[in-house]
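Dear colleague,

Please find below the structure that I am handing over to you. I would be grateful if you could look through it alongside the notes that follow.

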Amino acid sequence: MDMDPEKVYAMKLSKVYPLLVAKAERKGRTREEVDQVTCWLTGYTREQLTQQLVREVDYRTFFAEAPAINPNCHLITGSICGIKVQEIQDPLMKKIRYLDKLVDELAKGKPMDKILRS
């Protein structure tokens, strides 16, 4: 059962982000690492990321205001929630799934240089 994309876009980053951090922390990773992959993907600084969380922006606003989506994000491949990220057509949903995939890779113990496609 797919969630309505509009409901996903309207989700508050301040509600979702702690869940992403918790997922990573359960596997021995840190909030700093979640921040690092989020900033890598979006171009936000840690201060800007914190500001977006404080402002309680939704996913749509968070990605719309992102300073610079990483040009290497197309290298993020694989499945998240049973869907191949490289096959997602909707640009906003693709960015949301990229973030999910990066945190997933963190939680699976992948080395940071591989996650950041460096």
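The notes below concern a glutamine and several salt bridges.

This is a predicted model, in which local features need pLDDT of at least 70 and side-chain atom pairs count only at pLDDT 80 or more, while totals for chains, interfaces and linings use all residues. Residues are numbered from 1 along each chain as its sequence is written, and side-chain values use heavy atoms, with hydrogens and water left out.

Gln-52 lies in helix H4 (residues 46-55); helices are DSSP runs of H or I of at least four residues, strands runs of E of at least two, numbered from the N terminus. Gln-52 is buried, at 3% relative accessible area (buried means under 20%, exposed over 50%, partly exposed in between, with a 1.4 Å probe and protein chains only). Beyond its neighbours within four places in sequence, the residues in contact with Gln-52 include Leu-13, Val-57 and Phe-62 (contact means heavy atoms within 4.5 Å).

The structure holds 9 salt bridges, each a side-chain nitrogen of Lys or Arg within 4 Å of a carboxyl oxygen of Asp or Glu. One of them joins Arg-55 and Glu-65, with the closest N and O atoms 2.8 Å apart. This pair links distant parts of the chain, with Arg-55 in helix H4 and Glu-65 in the loop between helix H5 (59-64) and strand S1 (79-80). Arg-55 is partly exposed at 44%, and Glu-65 likewise is partly exposed at 36%.

Another salt bridge, of 3.6 Å, pairs Arg-31 with Asp-35; both lie in helix H3 (residues 31-42), about one turn apart.

Yours sincerely
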